[in-house]
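Subject: Model for your review

Hello,

Here is the model we discussed handing over.

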Amino acid sequence: MTTLKRINGFWISFVLALVFFIVVQLLISGGMLNTFYINTLFFMAINIILAVSLHLIIGITGQFSIGHAGFLAVGAYASAIMTMKLQMPFALSLLVGGIVAAAAGLLIGIPSLRLKGDYLAIATLGFGEIVRIILLNVDYVGGASGMTVTHLTSWPWVFACLLITIIVIANFTNSTHGRACISIREDEIAADSMGINTTYYKVAAFVIGSFFAGIAGGLYAHNFYIIQPTNFGFLKSFDILIFVVLGGLGSMSGAVIAAILLTIVSTFLQDYPETRMIIYSLVLILVMIYRPKGLLGTRELTSFFRLGKAVEGGKQGENKQTVA
Amino acid sequence: MKTNKPLLKANNVGIHFGGLKALSGINVELNAGELVGLIGPNGAGKTTFFNLLTGVYEPTEGSIVLDNEKLNGLAPYKITRKGISRTFQNIRLFGELSVLDNVKVAYHSLARHSIFSSIFRLPSHFSGEKEIEEKAIEFLKIFNLESFMYEKAKNLPYGQQRRLEIARALAAHPKLLLLDEPAAGMNPQETRELMNLIAFIREKFQLTILLIEHDMSLVMGVCERIYVLDHGQLIAHGTPEEIRNNPKVIEAYLGEEVS
């Protein structure tokens, strides 16, 4: 019976998400949203994909990785090469971007996930920088001046990728595999002694996270007309990290909300370039002072609805997909 | 229930960290169904011995054999799957997970549905998760923990946390259960309950148990045989009665007699 209820909840969220998609699509095709808003919307969605994919690695599995922009870069360049150099269709390019990034994740994950805490952070940071330096020196992809890319990213693609990312990562988390990952975050030695193959799950989470970062890279590359290695520096990695930490480590809806809020804040602060970084930093400091566990802590948005339901015995709560 | 069939054999096991010899020449034999105590002063190497048995450390000498299978060098999760499960001296529950999920984690190795089927919510995911959930709830009922099922593990009272840790270790279906100071921090009433619990699970799950404990009344009360460690070496071995009167043991615990 509970399974049935859960499926119902899933379909309700799905329909709501679809309605949201159609409304935005109508607004775009009716010309009611100008380019600025459309761009912000796309940027927001890409940031959500990045935040949710890093949430799986840091928030769920507890592996402190700060080289996420490296996977973003790998996905961006791989998909750009597919469309621009090899004239492949956009959908295939996105997929290839994700797969190449996942392969990079596997390659980096197997040796570096033996490391813990600070050491893992430094190793992944190093990976991000290596990717950037390599791209800077390869003439095939334009070196420092970057690579021009056709604008192919559109609302249906962005939305589909966003939805798939959220569903896949939520499904993974809410299964015995997700529990295995959380047990690693909570206590790796105890997880080991419960028969969990900790290395396998750390690498699995890392690869899935890298895959979606690569997908985000494909969307990113085909949205901005040009990609340059400087777009993928370690500051970009920190931006993504901040979404996850600010939203609350372990909360997917928290990561989504933080990605939305911070994208809005940083977009609208572009009008005040002198004070932009100061205000942005102040926002972060204030949130960390008053909500040290992040906006939602480890809770999910749905748990608030569930709480309400227990009181009023009312309707099924809205799912986080619709927040996007 | 007790047999003379050896379940675990530690032959001449030792480990050194650099120049420091933590344990050496340990010979321990456990028969199936036995309840054996392991005692010794602080720093004697009791927990280190547990860590060797469960694969946290690899022994630098000797061999560990469970059911005629050598365990040296196996990863900890593989040793758990072969049938050794443990609790920890300082409780190591998955604090942010619910009580039910803590037990579910122990059932993970029985799950047959893959990551792929969970991501795409294939039928095998639902049947697999349902099976784990039913087994875990059934298990919590045995331990009278089902009323705390949805509580976060870190919010349980201390005694219940100990209980949950034992339940979780048993949910991994061990042949040999290692208990590392289960009565630490408990009052006499809780210790008595714990003794009953140990007797109960032993009967119910046909277990072999190796117990580290400082509470002498508990060790002497429930164990059939006792090994005594001091300074990384076995100094005595025998029935509780023999251990109580062994001069070496008395010396290790109380110091030498002044003559």
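The notes below cover confidence in chain A first, then the fold of chain B.

This is a predicted model. Chain A has a mean pLDDT of 87, with 91% of its residues at 70 or more. Within chain A, confidence is highest in helix α9 (residues 198–221), at a mean of 96, and lowest in helix α13 (residues 301–312), at 55. Over residues 308–324 of chain A, pLDDT stays under 50. The model has 34 contacts beyond four places in sequence for that stretch. Where pLDDT is low, the predicted coordinates should not be read in detail.

On to chain B. Chain B holds 10 helices and 10 strands. Its radius of gyration is 19 Å, which agrees with the value near 18 Å that a compact globule of 259 residues would have. Along the principal axes, the C-alpha atoms of chain B fill a box of roughly 75 × 40 × 35 Å. Of the 259 residues in chain B, 42% are buried. Among contacts in chain B with a separation of 6 or more, 66% are between residues 24 or more positions apart.

Domain 1 of chain B gives 5 residues to the contact, and domain 2 of chain B gives 5 residues.

Chain B also has an open sheet of 6 strands with mixed pairing, in the order β6-β7-β8-β3-β9-β10. At its edges stand β6 (84–86) and β10 (233–238) of chain B, each with a single partner strand, so one side of each has no neighbour in the sheet. On average, neighbouring strands of this sheet are turned by 20° against each other, direction ignored.

Inside the sheet, strands β3 (residues 35–39) and β8 (residues 208–212) of chain B run parallel and are joined by 4 bridges. Leu38(B) has Ile212(B) in β8(B) as its bridge partner.

Helix α1 (residues 46–53) of chain B lies across β3, β6, β7 (176–180), β8 and β9 (225–230) of chain B, and runs at about 150° to β7(B). Helix α10 (residues 247–254) of chain B also packs on the sheet, where it touches β9 and β10 of chain B. The direction of α10 of chain B makes about 130° with that of β10(B).

Regards

Definitions and conventions. Residues numbered from 1 in each chain as written. Chains lettered and ligands numbered in written order. Predicted model: local features only at pLDDT ≥ 70, side-chain atom pairs only at ≥ 80, totals over all residues. pLDDT = per-residue confidence, 0-100. Helix = DSSP H or I, 4+ residues; strand = E, 2+ residues; numbered from the N terminus. Contact = placed C-beta atoms within 7 Å. Pairing = 2+ DSSP bridges. Axes fitted to C-alpha atoms, helices over the stretch in contact; angles between N-to-C directions. Rg over C-alpha atoms; globule rule 2.2 N^0.38 Å. Buried ≥ 20, exposed ≤ 12 C-beta atoms within 10 Å, placed from the backbone.
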